[in-house]
Amino acid sequence: AIFIEDGIETHNVIEDNLVMNTMASTALLETDQTPASFWITNPNNIWRRNRAAGSDRYGFWFDLREHPEGPSATDSVCPIGERLGEFIDNQAHSSGRYGLRVFHELVPRTYPCKPILPYEENPPVPAQFTNFLGWKNMRSAIIGERLGAIKFKNIKTADNLRCGIEISFGDLSPADTLLVEDAW
């Protein structure tokens with residue numbers, strides 16, 4: 001699958017791809033048991049017009065850590081606070097769990113490695129997931145776990161086993177900045 005690995009990689013353009021039948025492996029790393037067609041460890045990249053079809057777990061997985069890991073490990077980069085480059089016109093269907101999973105947290109802000117509060121000293125940087133289509137996923141089209149100033153705009157979901165959109169914890173930004181708009 002397509003994997004932004006350590007969490008330090010930014011400004012890549014990933015567009016017009018079809019990834020099918022992403023399968024779990026029990027012979028490699030523990031994380032390989034929960035595969036994603038598009039495994040994203042830094043949001044500051046561009047994903048346009050990509051399709052994930054038939055992953056054992058996730059279509060698109062924002063698996064964001066506090067700091068990059070592996071050979072690129074550093075405390076000076078903070079993926080959970082980075083701005084979202086672009087996420088537009090992507091689709092995921094027939095995933096074993098979620099079409100789009102934003103895991104751990106995504107709280108884009110002016111200074112990614114500084115504390116979220118007070119907002120006046122570290123203003124949020126709004127992010128938008130646009131025109132996502134998720135269907136026939138075995139749990140939900142979208143799940144967001146700990147979110148800041150995020151907008152899910154023009155989201156279409158159909159025939160997901162649990163629901164269309166789940167948001168677990170959304171009070172990491174000022175009021176009225178976590179939004180779902182024009183979803184159906």
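Predicted model: local features only at pLDDT ≥ 70, side-chain atom pairs only at ≥ 80, totals over all residues.
Student: Okay, what order do the 6 strands of the open sheet come in?

Tutor: The order is β2-β5-β8-β11-β14-β17, and the pairing is parallel.

Student: Which strands stand at the edges?

Tutor: Those are β2 (13-15) and β17 (179-181). Each has a single partner strand, so one side of each has no neighbour in the sheet.

Student: And how many degrees does the twist average from one strand to the next?

Tutor: It averages 15 degrees.

Student: What actually holds strands of a sheet together as pairs?

Tutor: In general, strands pair through backbone hydrogen bonds, either parallel or antiparallel.

Student: Let's zoom in on β14. Which way do its side chains point?

Tutor: They alternate along residues 150-153.

Student: How many bridges join β11 to β14?

Tutor: There are 4 bridges between β11 (residues 127-130) and β14, and the two strands run parallel. As part of that pairing, Q128 has K151 in β14 as its bridge partner.

Student: What about β14 and β17, how many bridges there?

Tutor: They pair in the parallel sense over 3 bridges.

Student: New topic: loops. Where does N45 lie?

Tutor: N45 is in the loop between β4 (36-40) and β5.

Student: Is N45 buried or exposed?

Tutor: N45 counts as buried, because its relative accessibility is 0%, and the cut-off for buried is under 20%.

Student: So what does N45 touch?

Tutor: Leaving out residues up to four places away in sequence, N45 touches I4, E9, T10, H11, N12, G85 and E86. With E9 there's also a polar contact: the N45 side chain reaches the backbone oxygen of E9 at 3.0 Å.

Student: Now G70. Where is G70 found, and is G70 buried or exposed?

Tutor: G70 is in the loop between β7 (58-63) and β8. G70 is exposed, because its relative accessible area is 51% and exposed means over 50%.

Student: What separates G70 and P123, in sequence and in space?

Tutor: They're 53 residues apart in sequence, and 30 Å apart in space, going C-alpha to C-alpha.

Terms used. Residues numbered from 1 in each chain as written. Heavy atoms only, no water. Pairing = 2+ DSSP bridges. Axes fitted to C-alpha atoms, helices over the stretch in contact; angles between N-to-C directions. Buried < 20%, exposed > 50% of the residue type's maximum accessible area, 1.4 Å probe, protein only. Polar contact = N/O pair within 3.5 Å; in protein donor to acceptor, adjacent residues only side chain to side chain. Contact = heavy atoms within 4.5 Å.
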